[in-house]
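Subject: Model handover

Hello,

My notes come after it.

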Amino acid sequence: MKTNALHNQALYHHLLRDESRTNELTLKEHVVVVGTGYVGVPLCLYAAAADYQVIGFDISAEKIVALQNRVCSDLALVEQRLLGMSTARFTDDPQYIKGADIYLICVPTPVTENMEPDLGPLLAAAKTVATVMEPGSLIIVESTVNPSVSETQVIPKIEEYSGLKVGTDFHFAYCPERVNPGDATYNTYNIARVLAGYDQPSLFRALYFYEDVLNAPIAVMENIKEAEAVKMVENAFRDVNIAFVNELAMAFDLEGIDIKHVIEGAASKPFAFMAHYPGCGVGGHCIPVDPYYLIEYGKQHGFDHQVLRSARSVNESMPHYMVKKLVQAVADADLKLDECTVALLGISYKRDVGDKRESPALVMLDDLKARQIHIETYDPYVPKESTVADLSAALTAANVVLIATNHSEFCELLPEDFVRFGVQVVVDGRNCLDKTLFTPDCGVRYVGIGR
Ligand code: SAJ
């Protein structure tokens with residue numbers, strides 16, 4: 001990898017700077033990372049570890065103060081350690097990010113309330129960079145965007161506010177982030193990337209940077225639109241596959257087939273099948289959002305993404321499907337719903353992380369409240385949204401349990417744990433408990449999803 005990097009670096013100097021510098025050892029460049037969330041901070045740390053002079057910039061003073069105190073809850077353990085010893089600095093003052101050699105833009109690209117792309121944060125970041133950059137800078141966008149957004153919205157914004165011209169005065173590349181929160185195997189340092197440059201010098205310069213900083217395969221795409229499409233497609237692929245198994249789960253609930261066993265059986269085929277699992281819904285800021293970007297992009301070209309829309313519709317129905325299953329399970333147990341207390345276990349969207357963006361648990365919470373059901377909530381990773389302090393308190397307070405997030409702490413629960421606390425019904429929205437242990441005479445009624 002390093003050999004490649006030096007080769008690209010020499011090529012870069014040859015192409016863009018005077019010949020005399022091609023053999024010079026790299027003078028480590030100044031790098032500014034705009035957006036210090038779970039994508040930007042690791043980039044700061046790995047670039048600083050590769051001897052770049054790094055500043056992380058964010059508009060959130062709160063985030064920056066925490067980072068200046070070497071605190072960041074978004075990081076994997078190895079990155080927490082890196083933060084403590086890193087030479088990276090952090091600021092919320094644009095005057096300190098002037099004239100950098102490389103700017104990396106890593107800000108969110110959410111959707112609006114009516115599920116349309118919201119490029120506000122990205123274009124604001126592009127404008128900030130444009131006002132502090134100097135000729136010769138390389139700008140790399142890592143935020144997830146629709147095909148063509150870089151060239152039709154981001155670059156024009158930079159040119160408008162800098163007075164500079166892409167290709168002539170500055171370089172531009174696109175390299176979508178692939179951070180997977182909570183993943184112990186893949187992280188910013190090693191996850192494979194796709195990369196495209198506005199032109200060849202931009203590509204070489206960006207390629208050299210990533211190969212110098214990361215230890216990850218870099219797939220070079222033909223053009224920026226392809227690289228933008230890759231990220232959208234990989235996340236829409238996941239949403240469609242989750243919708244597929246969610247639809248099967250609803251069918252198998254009626255047919256008495258165990259979807260989890262069927263998926264595990266299908267996964268025994270070593271090719272042409274990728275296991276996804278049904279649940280109470282699809283949360284996070286990527287999977288439920290990115291398909292809406294592609295749907296919008298299709299609309300702009302007169303195309304209707306029926307499959308993407310249907311998948312979104314199925315996945316968005318799951319929280320309500322789960323609440324209906326809870327209501328039915330309470331009736332089947334001859335309990336009166338208005339005399340029950342439900343403990344909602346899990347608020348965040350994903351196992352063992354604290355991010356509640358687009359979390360299906362919040363949709364189920366609203367649905368339960370709308371039915372005037374008494375609720376207690378507990379999530380070890382989202383204490384601020386928990387009404388009780390720990391799992392025991394949640395089980396003590398309730399006679400019905402609804403598991404919304406498969407946090408490790410919940411997956412260890414056994415029938416006797418529920419019986420001990422007087423819980424009569426368990427609705428497992430992530431099929432994370434061992435269903436075989438919940439025998440008819442175990443003292444608690446178990447309901448999974450599609451099993
Ligand atoms: N989910 C299911 N069934 C599944 C998988 C996930 O219901 O089989 C639900 C989860 O409970 C969660 C939501 O979908 O609510 C999203 O889960 P996720 O595992 O996809 O987690 P994310 O949102 O962190 O997705 C990230 C993405 N990474 C990037 O965008 C860079 C995604 O591309 C990865 O595929 C995913 O991690 C991953 O593989 O874990």
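Predicted model: local features only at pLDDT ≥ 70, side-chain atom pairs only at ≥ 80, totals over all residues.

Residues are numbered from 1 along each chain as its sequence is written, and side-chain values use heavy atoms, with hydrogens and water left out.

Ligand

There are 19 residues around the ligand, and Asn180, Asn235, Arg238, Tyr277 and Tyr349 come nearest.

- Asn235: a polar side-chain atom is 2.5 Å from an oxygen atom of the ligand.
- Asn180: the distance from a side-chain N or O atom to a ligand oxygen is 2.6 Å.
- Lys350: a polar atom of the side chain lies 3.0 Å from an oxygen atom of the ligand.

The rule for a polar contact is a pair of N or O atoms within 3.5 Å; within protein, one atom must be able to donate a hydrogen and the other to accept it, and residues adjacent in sequence count only if both atoms are side-chain atoms.

Second largest pocket

The volume of the second largest pocket is about 1300 Å³. Its lining has 39 residues, with Asn180, Arg238, Ile242, Ile287 and Lys350 nearest the centre. By type, the lining divides into 18 nonpolar, eleven polar and ten charged residues. Nonpolar covers Ala, Val, Leu, Ile, Met, Phe, Trp, Tyr, Cys and Pro, charged covers Asp, Glu, Lys and Arg, and the others, Gly among them, are polar. Helix 8 (224–255) and helix 9 (259–266) each supply at least two lining residues; helix 8 gives the largest share, six residues.

For the method: on a 1 Å grid over the protein atoms alone, a pocket is an open set of points where a 1.4 Å probe fits, with protein on both sides within 12 Å along at least five of seven lines, and lining residues have an atom within 4 Å of a point. Points are joined across faces, edges and corners, and the volume is the space filled by probe spheres set on them. Helices (H or I, at least four residues) and strands (E, at least two) are DSSP runs, numbered from the N terminus.

Aromatic pairs

Rings of Phe, Tyr and Trp (its six-membered ring) pair if their centres lie within 6.5 Å; planes under 30 degrees apart are stacked, over 60 edge-to-face, and the rest tilted. The count by this rule is six aromatic pairs. One of them, Tyr52 with Phe209, is edge-to-face, at 5.3 Å centre to centre and 75° between the planes. Tyr52 lies in the loop between helix 2 (40–49) and strand 2 (53–57) and Phe209 in helix 7 (residues 200–213), so this pair ties together parts 157 residues apart in sequence. Both residues, Tyr52 and Phe209, are buried (under 20% relative accessible area; exposed is over 50% and partly exposed in between, with a 1.4 Å probe and protein chains only). Tyr52, Phe209 and Tyr210 form one aromatic cluster.

Phe418 and Phe438 make a tilted pair, 6.1 Å between centres and 45° between planes. Phe418 is in helix 15 (residues 415–420) and Phe438 in the loop between strand 12 (425–428) and strand 13 (445–447), so the pair links parts 20 residues apart in sequence. Phe418 is buried at 0% relative accessibility, and Phe438 is buried at 11%.

Single residues

Ser143, in the loop between strand 5 (138–141) and helix 6 (149–162), is buried at 3% relative accessibility. A polar atom of the Ser143 side chain lies 2.6 Å from the backbone oxygen of Val107.

Arg70 has a phi of about 65°, sits in the loop between helix 3 (61–68) and helix 4 (77–85), and is partly exposed at 26%. Glu358 has a phi near 55°, lies in the loop between strand 9 and helix 12 (360–370), and is partly exposed at 43%.

Regards

Notes:
Near = heavy atom within 4 Å.
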